[in-house]
Amino acid sequence: MNFVQPLFLVGLLAAALPLLIHLFNRRKAVRRPFPALRLLQASHQRSARSIKVRQRVLLALRMAAVAALALALAKPFFLSSSGMTAEERMPTAVALVIEDGLAMQHEGWMKRAREQASELVDDLRPWDQVVLVRSSGPDEERLTEDHGQVSEQLDELRASDNPGDLGHALSRASTLLSGSQLPNRRLVVIGSLTEGAFAQDPAELDIVHPLQLFSVRDEGDEPTPNLAITGVRYEQEGSGEQGAWNITATIANFGPDDATDVQAQLRVGDSVVGGQQLSVPAGQETRVAFMHRLSEPALTAARVELIDADELAADNTWHFFIRPREHVRALLINGSPSNIPYDDELFFLTRALRPGLTSESAIAPTTGAPERLERDDLNTFDVVVLANVARLNATQAERLRTYVEEGGGLFIAMGNQVDVEAYNHQLGELLPRPLRGLKRLAERDDPDAPIKITRLGQTRRQHPIFRVFNLPGGSAMQSVQVYSYMLLDPAPAGQQTTLALAYQDNAPALLERQVGQGRVLLWTTTLDREWTDLPVRTAYLPLMRRSLTHLARRASSLHDTERWVGAPFSVEVGDLVRERAIAVGPGGARQVAEPIDGDITLLAERPGTYLLYADEASEAGLIEGLSFAANLDRRASRLTPVPDAVTAAWQTDAEGRPHSASAPEARRRVNLWSWLLFFVTMALLAESVLGARRSVLIDVGRRILRGRSGHTSQT
Amino acid sequence: MVDALRQTYLNPATLDQLGDMHVRARQLAQGVIAGLHRSPHRGGSVEFSEYTEYSAGQELRRVDWKVYGKSDKYYVKQFEDETNLQAFLLMDGSGSMAFQSELGPLSKLDHARYVAATLAYLFIRQGDAVGALGFAETPGAFLPAASRGKHLDDIFYLLDNLPASGPTALDASLRQIAERARRRSLVLIFSDLLDASERTEELLRVLASRNFDVAVFQVLDPAELSLPYEGLSLFEGLEDDGELLADPDDLRDRYIQTMRAHNQRLEELCTGANIAYLRYDTTRPIERVCQDFLRGRG
C-alpha cells in the first residue's frame, strides 16, 4: 500500500484520544450522595457485563473511526492491473505458455490450467494480442487478436503423452513476444512447473519479459506424490523352449512419503499372470520380480502395471516384449578335422545337434577352424565348442574370454591334440580346473579293455543338464566306456567349479564354471570315439544338446533399446526390408516407413507394443527381432517443483531488477480513501446509536412504535 | 437533676424550634382532622407494669424514692389506668434519612418528623400516651409514653434533635422497643427501610406476634424511586456504604426493578404479619399521609 500524504499517518496517534477521554471522563464523574446505594450496586452487578461490552465496542468504534480518518487523510492507494478502463491501459501482447506434457495427466491439473487460462483470456481487451504456446509443441503459434480462436484451442487442450519441454516453449513464447509491436508484453506460464517438465536445466533459461506464474499443484514446495515404473528387465531362466522367464520391474517413488501396499501386476497378452504387493520408501526405488513360463516360445507382448497407485496413472504401466531365443547358434571349432567323415572330430557332434531336417533343429551348428575365433563376430553365436583344439593364440583366447564374460557359452572337449601347457596358459581364466595330463586306461582295440577302462558314473539330477534326464539313453549312461580322459589339477583357491558328472573312478568327467555372464563346460574326454564309446550310445545326443542349450546365451532384455512415445527414433533394418517397413501399434495403428541406407525412422504415438513387418503386414513379413515396445518418457514422472529461487530469477534481469520495472506502467492507482471515509461515516453513525442514552433510545423506540400503531389505527 | 435535664434539652433556641414544630403539628393535625369524623378511639385496656427503669425525660415526680432508698436505682411506678392507648414513635435518624433530592420538597427525615409530630399531637390531644425512640447509629433518646400536654414538647425536642447521620440501627431499636414498650402498644416506625435485612423482617414479625400494633411508615425520596440523574456519576452512600461509578442511564431500568422488588417484599412481609404498611415519597402531603394512616386504622 502506498500513500500520497504519508505525513498524515502521524494522525494515527490520535486514535488513542478516545481512550484518554474515556479515562478522563471516569475521573470527571459527578459526585452524587444517594441513600439506596446498596440497591444501586445490586443493579450494577447484574448489568455490568452488558455495559462493559457496550463501552468497549463504543471505544473501539471511536478509535477505529479516528484511525481511519488519519489513514484517509494520508490518501492510501495500491497499484492494480485489473479493472482498468480503456484509457488507462495500453495494448498488451500476452503469451500464454501452458504446460501440457505428460505430468499434466495428473488428475485435475489440466482442467485447472484450462480454467486459469480461460480467465486470463476473458480479461483481455479486444486490442490485446494473445498466443497459446504448448509445452509439447507444435512450434506453429503466432500472436493473434482473435481471442475466440485461443479460447477454442484451450477447450481442445489435453495433456499429451510425451513430457514436453516447458523451457523450449518459454523460449518460443519469448521470441514471439519480441516480435510484437505492442507496447506491453507479458508471459504467462500455467502448469505444474515441475522439474520433469523441462528438458534442460530450468535455471539456465533466460527470460526477458515480465512473467506471471500459475501453478496447478497443491503441494507447495513439496514434490507431488507419484510412483512410476521406470524400467522392466527380463531374462530367460535355463534355456530352450521350456524355459521360465524372470521379469523384474523397477518402481520409483518420487513423492515425499513412503508408499505402502502398492499392488503391482504382470499382464501377458490379455491375461494377468502375476501380482504382488510392495512398499517403496520415499525418494527410492524398489524392484519387484515375477516368474512366468510362456505357453509357446513366441514373441509375446507383456506389461507390468501398478494398480491405482497415484493420480498420475500414465507412468504406472510399462510395456515390453518377451523375446524368446528359439535357435541356439553354435560355433564348433574342429581341432582334428578329417576327410573321412566318421574320423572327423565333429562327425558325431554335428549329427547329434542337427538330426533330420535342418530347419527343425533348435540348434544351428557352424563348424570351422580355430581361425574363425578371430575372424567371426562371436556375439552372433550363443555357444562355442572347442573340440580337441590343440591350442589358441593370445588373440583367440582373449576374444573367447570376452565372449564368455559377456554371456556366451564355451564347451571345451579334450582329445589327443590338446596341449596341456598351452591350455593352462591361454585359457586358465576359463578352465574350471587346470589340466594335468592324459590318463590312458586302455586302447580302444585292447582285448583287456573291459577290465581297464572306466565308465561314466551316476548323473547328478539336480544339475540343469541332467534335471530331466529321463531321456532315451539316459539309463544307459553308466554303460558308457571311457578309455582315456584328461586328469585335472585341483581348482585354485576361491574358484567355484561345479562337478556335473564323474567317472566311476571318481575322476571328473564334466565340470562347469561361471565366468562373468557366461558359462564354461569342460568335457574331460573326447566328443568322438577316440577315448570313449559315448558317441555311439543313445545318451550322446541328449547329453550334447542339453549341454549346449544349457550353455547358450540367455535370452534377455539386456540389448533391448528403450523407445519413448513422441520421440522419433531410427531402426537399423539392413537388407531385411526392401521397400517399406510397417509398424503396427496399439489399436492396430499403422505406421509406414521407407528405409534409407538400411535405416527407417519411426515415431510411436501411443504407449504399447509395436510389431514391425517387412514390406507387408503378414506373418511372413514379421521381423520379431526389430519389433519394439514404446513407453512414456519417465522424465515427467518426477513431480518436484522447480525451486522458488529459479522462478524468481526468471522474473529479474541480469542486474536483479524485475522485468516488470522496465516495462511501461501497466497498472493503475486504486484509491482507498473514499472507502475509509465511508467507514468513518458508518462508524460515527454506529457510535451515535450505541452512544445514545438508553432512555433516549427507548423513548425514540416508543415514539416510533406509537407512530406506527397510530398510523395503523388511522388507516 | 431535673433542672439539669431541662436545661440540657430545653434551651431557648430549641424551644423556638419546638414552637415552630408545635404550631406546624397543630396545623397539620387540624388539617387531618378536618377531613375525618370524630375519632371513635378511646384506647383499650393496657397491661400494668409495676416498675420501669427511669429514663431521661420522665417526670421526676414519678420516681419511687422508696425503691431508690433501698436499691440506689431510679424506678418509676407505672399506673394501670394512666391512659387508654400507648403509642411509640420509632424515628430513623440515620444518614440516609437526611437525603433530599431536587425532586423532593423536604428531606425524608423532615417529612417523617412532621408526620410523626402530627400523629403525636393527635394522640395526646385525644388523651393517649405517646413515647418516642430516635435512633441512628445506635438506639438514641427514649421517651416513655405519656399523655400530658407538655410531654408533646419533649417529643418534638426528640424529633428535632435526631442526628441525621451515620448508619441505621433499626434492628437494635426494634429490639429495644420490644423490651421497653408495653404489650399492645402502637409502634409507629418511620424509616426509609433501605437497609431492611432479613433480621429486620424477623424482628418486625416478632413485634407483631407479641401483640404490638405495628405500623411502618416507609418514606422515600422521589429520586430514589426513579433515579432521574444523567451523566457519569459517582454515587456515594450516606451510611458509610461505599461508592459506585456508573452511568445512571445504564442502570435505571434495572434499579427501578430492584427497588420495586425490595418494596414489594417489605409490603408482603407487613401484610403477612398484619402490620400496617404505608409507603410514600416526600412529595406526598403530610396530612394526606396522616389521613391514610388514620383511615387505615378506622
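Which residues in H4(B) meet which residues in H5(B)? In this predicted model, B:Arg113, B:Ala116, B:Ala117, B:Ala120, B:Tyr121 and B:Ile124 supply the H4(B) side. On H5(B), they meet B:His151, B:Leu152, B:Ile155, B:Phe156, B:Leu159 and B:Asp160. By class, this contact has nine nonpolar, one polar and two charged residues.

Now the geometry. Helix H4 of chain B spans residues 108-125, and helix H5 of chain B spans residues 151-160. Their axes come within 10 Å and cross at roughly 170 degrees. H4(B) is therefore roughly antiparallel to H5(B), because angles over 145 degrees count as such.

Next, helix H6 of chain B, residues 170-180. Its buried residues are B:Leu170, B:Asp171, B:Ser173, B:Leu174, B:Ile177 and B:Ala178. They cover an arc of only 165 degrees around the axis, so they lie on the same side of H6(B). An α-helix has 3.6 residues a turn, so residues three or four places apart point the same way.

What covers these buried residues? Several elements of chain B do, including those listed here.

| Element of chain B | Residues |
|---|---|
| Strand S3 | 86-92 |
| Strand S4 | 129-135 |
| Strand S5 | 139-146 |
| Strand S6 | 186-191 |
| Helix H7 | 198-209 |

Chain A, in outline, has 15 helices and 33 strands. Of its 715 residues, 47% count as buried. Chain A exposes about 35900 Å², and carbon and sulfur atoms supply 50% of that area. Take the contacts in chain A between residues at least 6 apart in sequence: 73% join residues at least 24 apart.

Definitions and conventions: Residues are numbered from 1 along each chain as its sequence is written. Chains are lettered from A and ligands numbered from 1 in the order in which they are written. This is a predicted model: local features need pLDDT of at least 70, side-chain atom pairs count only at pLDDT 80 or more; totals for chains, interfaces and linings use all residues. Side-chain values use heavy atoms; hydrogens and water are left out. Axes are lines fitted to C-alpha atoms, for helices over the stretch in contact, and angles run from 0 to 180 degrees between N-to-C directions. Helices (H or I, at least four residues) and strands (E, at least two) are DSSP runs, numbered from the N terminus. Angles under 35 degrees count as roughly parallel, over 145 as roughly antiparallel, 65 to 115 as roughly perpendicular and the rest as oblique. Contact means heavy atoms within 4.5 Å. Ala, Val, Leu, Ile, Met, Phe, Trp, Tyr, Cys and Pro count as nonpolar, Asp, Glu, Lys and Arg as charged, and the others, Gly among them, as polar. Buried means under 20% relative accessible area, exposed over 50%, partly exposed in between (1.4 Å probe, protein chains only). Accessible areas come from the Shrake-Rupley method with a 1.4 Å probe; for residues, only the protein chains shown count as cover. The arc is that of the directions from the helix axis to the C-beta atoms.
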